[in-house]
Amino acid sequence: MTTRLTAGEVDLPSSPTMVDDGPDHPILAGEDLGFSNFSGVRNNSLDDLFQRILRRNCDAVCHLAAPCDPDLRTVVGKIASEIAADLEPRMLRAAPRKGRTSDPRGNGRANEPLDVWARGILVWTGGQYLPPSAGSRHIKDSGPTRLAADNIAPFFESLMLFVAYHIMEYFNKYIATGVLKPEDCRLILPINSDMDAEHTDIDSADYVDPTDFFSVKCGMFPLSSSVERQKAPAPHLVFADTEIVEHPEYYEKAELRLATKTKALFFNQHNRRFAWGLAVSNCTIHAYVFGPDDIWASTAMDISGIKGRRAFISLLVNWSLCSIDCLGFDPSIRYVVDRCVGGCPYLEIDVHEMDRSTGKVEPRTYYSQRCLGAADRLAGCHARYFAASASPESMDKPAFLIKDGWMTAGSGSAGDTRESLVLNVLHAEFDQSNEFSGSFVQLVSAGPVYINRGDTVVTDSTATAFVRLPSTTQDAAKGSDSAQGSSSSKVQRSSDRQVRQHRRTVAKWAGKTISEADNQCQVVVAVADAMAALNAAYEKCKILHGSISNRAILLQQTADGIKGVLAEFDYANYAGAGANAVESPEPMLFQSIRCLENPEIIRTFLDDCESLLNLVCWLGSFGVNKAQRAAYVAGLPKKPKLPIMDWNQGTAADIADAKRLHVATEDTFHSFILSKMRNGPLRRLAEAMYRVLFLHPGCYGTALIANERLEQVADIEIRDALSRIPAINGMHDPLVLRHAFLAAIIANLLEVLARHRNAALAALAAGAADEDSAMATLPSAGPSMKHYRDEVPVAGPSKRPRY
């Protein structure tokens with residue numbers, strides 16, 4: 001049974017209520033395809049990822065926030081001990097005693113906030129004082145009292161405020177003596193609390209009462225701030241989320257909710273290196289660190305005991321005094337809010353570049369007011385893209401595209417990434433080509449991000465940022481460590497696995513992304529140009545792109561009109577070289593079916609082509625720019641869910657199954673995808689690309705084909721060729737069969753895209769840029785089948801077999 005309290009019964013601060021976060025920060029308008037708005041069912045993909053990389057019971061988590069300077073660590077330890085020493089007698093004075101029914105705070109300090117907060121902490125830990133008016137709400141059994149989640153929230157805040165009050169006093173004293181610097185100190189205060197009633201991250205069949213969960217945000221404030229629950233600060237000053245759960249059996253759901261909100265934190269804060277989080281269940285607190293490859297959970301801090309209280313107090317003091325990078329922020333990306341340009345704040349982004357005159361590597365600062373792509377995933381490379389300039393005054397006319405992310409190292413000199421190595425090869429091959437010059441993004445500089453560690457400067461990487469923490473092993477991923485498991489099990493150190501290096505690249509500005517187009521005709525042109533560039537890279541250099549998405553194609557405005565430019569080569573690989581990369585590219589909605597079903601499979605050129613089709617279908621369904629997507633989202637309550645939304649929900653296997661169903665036949669593709677797309681050039685282009693990729697002599701949709709069904713193929717040579725491809729359990733996969741017709745598929749796809757490109761250019765030149773006007777100029781969707789005669793076997797079946 002649950003105890004429900006009200007503020008009046010125990011004379012505590014009122015329970016937190018929902019607070020408006022205020023207007024969005026102008027810089028926070030990161031490019032989003034609306035992924036966060038289509039979460040009507042549980043995000044199984046996020047749940048699976050969280051459980052796979054979570055590492056429980058890591059003693060070193062709380063030490064990650066400790067200051068690098070040993071003298072400051074001594075100060076932290078002293079302050080934490082003195083705060084804990086002051087809390088205990090105040091809780092003791094507040095404890096109820098036999099025969100006493102009056103307010104127990106005593107000593108003439110009934111109005112002192114420290115005593116009020118101490119009393120709240122006492123109530124939280126089970127030794128509560130309740131007046132007779134509480135009646136039956138007080139559970140008088142032999143076990144500990146369990147409070148509702150929304151009742152725990154003010155008590156949790158009481159502990160934070162108690163510590164913050166002391167921190168303010170001690171820090172000001174140390175600042176006056178010169179031990180601390182004001183700019184190195186901060187207060188961590190609660191800023192916004194809310195109760196989620198929708199539970200979009202929890203299965204509807206597993207629905208629980210909304211009061212079972214409560215959320216509290218924490219923010220960073222100067223020492224001069226009043227010690228109380230604050231109004232929401234600027235979004236970049238939000239520090240961490242806390243999930244409070246009433247029932248211990250729902251604790252894993254609280255963890256998933258914390259992961260969901262932390263993912264949003266990465267998306268909204270463009271200087272996030274890693275993130276902190278807290279989860280509370282009754283009197284137990286766990287701290288979490290969300291890194292690129294791992295999530296670490298601390299050992300339990302039991303607030304009902306002295307040891308647990310002191311551990312959490314030490315963590316709060318560490319957060320208040322450690323360097324900004326230990327809080328998970330990147331000091332080389334700074335929000336400038338006091339010197340607005342054009343009425344808006346902006347970012348200062350430092351990039352270390354080599355001075356050609358001196359040969360030294362020196363930091364250069366770029367300026368940006370536009371984030372073209374935010375970090376839209378919980379783990380991984382956390383890539384972000386910025387339109388930047390060399391001065392604040394010229395931010396409205398960007399000259400550079402900056403990408404920031406945690407990349408796996410390449411094999412080149414100076415730790416070059418895969419992207420820089422591949423682009424060097426492509427530019428060496430095509431820079432002198434009239435046809436493909438400018439088809440690939442051109443790098444200006446690339447290098448690691450540096451972090452100050454005390455008196456030394458180190459390269460920012462998972463090896464240096466998380467050197468004290470273990471990395472997740474296969475055993476841990478299978479659940480060998482439970483929430484109560486031992487922290488002594490054998491694990492890999494972060495330094496033993498493949499290291500991610502925090503890197504920043506600067507490229508010449510090539511234009512906005514394809515998902516910021518003015519109309520569908522521009523997208524058609526860019527897709528056709530991207531396909532031509534993909535084919536050239538494959539034909540000349542045997543390079544596969546590996547991560548076609550909305551960020552991989554840029555719209556460049558030239559003297560002749562619109563041109564598509566290829567970017568984002570972090571997952572590129574040589575054809576036949578094995579698995580594409582150490583991780584799968586995101587988002588999964590653009591990946592091919594084969595790569596979703598088996599990430600370790602050898603990627604082929606047709607996988608890139610299929611990703612291109614997926615991109616066309618997605619943009620054609622929801623809109624080619626933010627305004628169109630926002631209009632669609634605004635009407636969601638009145639619209640049925642589109643089947644294509646299944647491409648972005650669930651696990652990789654769930655998405656692969658959905659895609660196989662949707663493209664199984666021409667009828668299913670029309671029913672599930674084409675009929676739901678906006679009427680316009682992209683719909684016609686998607687239909688034509690589908691016919692080329694899936695309706696040809698080697699692949700009639702995606703339904704598995706039994707050996708005996710191959711006998712229905714009329715052409716003997718084709719039937720014999722397909723029969724020689726090994727079957728699995730007597731079944732052939734059309735996505736494997738089609739590779740026998742690779743050259744013909746590519747030729748037909750290039751021909752189709754060229755025709756649609758010419759029609760789109762004609763529509764743009766005629767001013768028919770809107771979708772309806774452009775339809776009249778488009779070619780028919782049916783592709784030419786002549787190129788299949790260049791294959792062996794040489795001819796297609798006289799009649800399409802029905803499977």
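This is a predicted model: local features need pLDDT of at least 70, side-chain atom pairs count only at pLDDT 80 or more; totals for chains, interfaces and linings use all residues.
User: Let's start with helix α5. Which residues does it cover, and how far does it reach?
Analyst: Helix α5 takes in residues 149–176, which is 28 residues. From first C-alpha to last it reaches 41 Å, close to the 40 Å expected at 1.5 Å a residue.

User: What follows α5?
Analyst: Glycine 178 does, and its phi is positive, near 85°.

User: OK, switching to strands. How many residues of β4 are buried?
Analyst: Eight of the eight residues in strand β4 (residues 238–245) are buried, so the strand is largely enclosed by the rest of the structure.

User: Which way does β4 run against β3, parallel or antiparallel?
Analyst: Antiparallel: strand β3 (residues 213–221) pairs with β4 over seven bridges. One place to look is glycine 219, whose bridge partner in β4 is valine 238.

User: What about β4 and β5, parallel or antiparallel?
Analyst: Those two run parallel, joined by five bridges, with β5 covering residues 275–281. Threonine 242 has leucine 278 in β5 as its bridge partner.

User: Which helix goes with β4 and β5 in a β-α-β unit, and what's the hand?
Analyst: Helix α6 (residues 251–268), and the β-α-β unit it makes with β4 and β5 is right-handed.

User: Further along now. How is β10 joined to β11?
Analyst: By eight bridges, with β10 (residues 344–354) and β11 (residues 361–373) running antiparallel. If you want a pair to click on, isoleucine 349 stands opposite tyrosine 366 in β11.

User: And how many bridges does β11 make with β12?
Analyst: Five, again in the antiparallel sense, where β12 is residues 384–389. Glycine 373 has tyrosine 385 in β12 as its bridge partner.

User: Last topic, glutamate 568. Where is it found?
Analyst: Glutamate 568 is in the loop between β23 (561–566) and β24 (573–574).

User: Buried or exposed?
Analyst: Buried. The relative accessible area of glutamate 568 is 8%, and the cut-off for buried is under 20%.

User: So what is glutamate 568 in contact with, leaving aside neighbours within four places in sequence?
Analyst: With Tyr385, Lys403, Glu419, His545, Ser547, Arg551 and Ala552.

Terms used
Residues are numbered from 1 along each chain as its sequence is written. Side-chain values use heavy atoms; hydrogens and water are left out. Helices (H or I, at least four residues) and strands (E, at least two) are DSSP runs, numbered from the N terminus. The expected span of a helix is 1.5 Å times one less than its number of residues. Two strands pair if DSSP finds at least two bridges between them. Buried means under 20% relative accessible area, exposed over 50%, partly exposed in between (1.4 Å probe, protein chains only). A crossover is right-handed if, with the strands pointing away from the viewer, the path from the first strand over the helix to the second runs clockwise. Contact means heavy atoms within 4.5 Å.
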